[in-house]
Amino acid sequence: MAKVAVVYHSGYGHTAEQAKAVIRGVESVSGTNANLIPVDQIEQHWVTLEAADAIIFGSPTYMGSASAPFKTFMDASSKVWFGQGWKNKIAAGFTNSASQNGDKLNTLVQLAIFAAQHGMIWVGLDLMPGNNNSKGSVNDLNRLGGFLGALAQSNSDEGPDAGPIASDLKTAEHLGARVAQITNQFLAGRK
Ligand SMILES: Cc1cc2nc3c(=O)[nH]c(=O)nc-3n(C[C@H](O)[C@H](O)[C@H](O)COP(=O)(O)O)c2cc1C
């Protein structure tokens, strides 16, 4: 059974909604065990990450990069890095911010480099960009048009009940399901 963990930070609850959507996607794939881990509970979950076959990283974009609590987790993982304890685990990432662009790509690049430093295998988003032609709408999957991971946008004056909107949550779900499927294929291939 593929074990997939989602480690995330969310200061105000919006990225938490995205993380829950990723987990729904993971759980939609049969034969998968899913674990949702807020970074503030990481101390009791290093063992969960050690046992995981895949880890999906999620952070809001704050000041154009991962939030400070998520970066604290990244730096703390250097203990694992020394022994390359996550080598050949599958990895993926997601981020959410207030602006449509908001420099979210920089956060995903940061997460992908982090995974590469750990010797992990990065899985991107296999969705064609949405909302980029005259027939498109904000309801399209991948409406923010990225390939490195799942992107979401939440208005700065609204709570997590209003944003990220449904299409962003469906996009996050899609990423979770993709990672679960690929992890199952990867494990089957290793037998
Ligand atoms: C310290 C701070 C820095 C932020 N920097 C950015 C930014 O660089 N780009 C952006 O689009 N939004 C930025 N925002 C807005 C957040 O990304 C947005 O409110 C997001 O939904 C917060 O997610 P959370 O509720 O999971 O914390 C920032 C918010 C905070 C608190």
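Gln110 is found in helix α5, residues 104-117; helices (H or I, at least four residues) and strands (E, at least two) are DSSP runs, numbered from the N terminus. With a relative accessible area of 19%, Gln110 is buried, a class that means under 20% relative accessible area, whereas exposed means over 50% and partly exposed in between (1.4 Å probe, protein chains only). A polar atom of the Gln110 side chain lies 2.8 Å from the backbone nitrogen of Ala66. This distance falls under the definition of a polar contact: a pair of N or O atoms within 3.5 Å, where within protein one must be able to donate a hydrogen and the other to accept it, and residues adjacent in sequence count only if both atoms are side-chain atoms.

The model is predicted, so local features need pLDDT of at least 70 and side-chain atom pairs count only at pLDDT 80 or more, while totals for chains, interfaces and linings use all residues. Residues are numbered from 1 along each chain as its sequence is written, and side-chain values use heavy atoms, with hydrogens and water left out.

Attention now turns to the ligand. It is surrounded by 17 residues, of which Ser10, His14, Thr15, Tyr62 and Met63 are the closest; a residue is counted as near when one of its heavy atoms lies within 4 Å of the molecule. By class, this shell divides into 5 nonpolar, 12 polar and no charged residues. Here Ala, Val, Leu, Ile, Met, Phe, Trp, Tyr, Cys and Pro count as nonpolar, Asp, Glu, Lys and Arg as charged, and the others, Gly among them, as polar. Helix α1 (14-27) and the strands β3 (54-62) and β5 (90-97) each supply at least two residues of the shell, and the largest share, 3 residues, comes from β3.

A polar side-chain atom of His14 lies 2.6 Å from a ligand oxygen, and a polar backbone atom of Gly13 is 3.2 Å from an oxygen atom of the ligand. A ligand nitrogen is 3.4 Å from a polar backbone atom of Ala98. Taken alone, the ligand exposes 640 Å², and the protein buries 78% of that; accessible areas come from the Shrake-Rupley method with a 1.4 Å probe, and for residues only the protein chains shown count as cover.

Tyr62 lies in strand β3 and counts as partly exposed because its relative accessibility is 31%. Met63 is found in the loop between β3 and β4 (65-66), and its relative accessible area of 85% is why it is exposed. Phi of Met63 is near 50 degrees, a positive value in a residue other than glycine. Together with Tyr12, these residues form a nonpolar surface patch with about 450 Å² of accessible area.

Further backbone features lie in other loops. Gln84, in the loop between α4 (78-82) and β5, has phi near 45 degrees, again positive in a residue other than glycine. Gln84 is partly exposed, with a relative accessible area of 29%. The peptide bond from Gly163 to Pro164 is cis, with omega near 5 degrees, and Pro164 lies in the loop between β7 (150-153) and α6 (166-190).

Asp40 belongs to the loop between β2 (32-38) and α2 (46-51) and is exposed at 69% relative accessibility. Asp40 and Thr72 are 32 residues apart in sequence, and their C-alpha atoms are 9.9 Å apart in space.

Notes
Patch = residues over 30% accessible without salt bridge, like charges linked within 9 Å, V, L, I, M, F, W, Y side chains within 5 Å. Salt bridge = Lys/Arg side-chain N within 4 Å of Asp/Glu carboxyl O.
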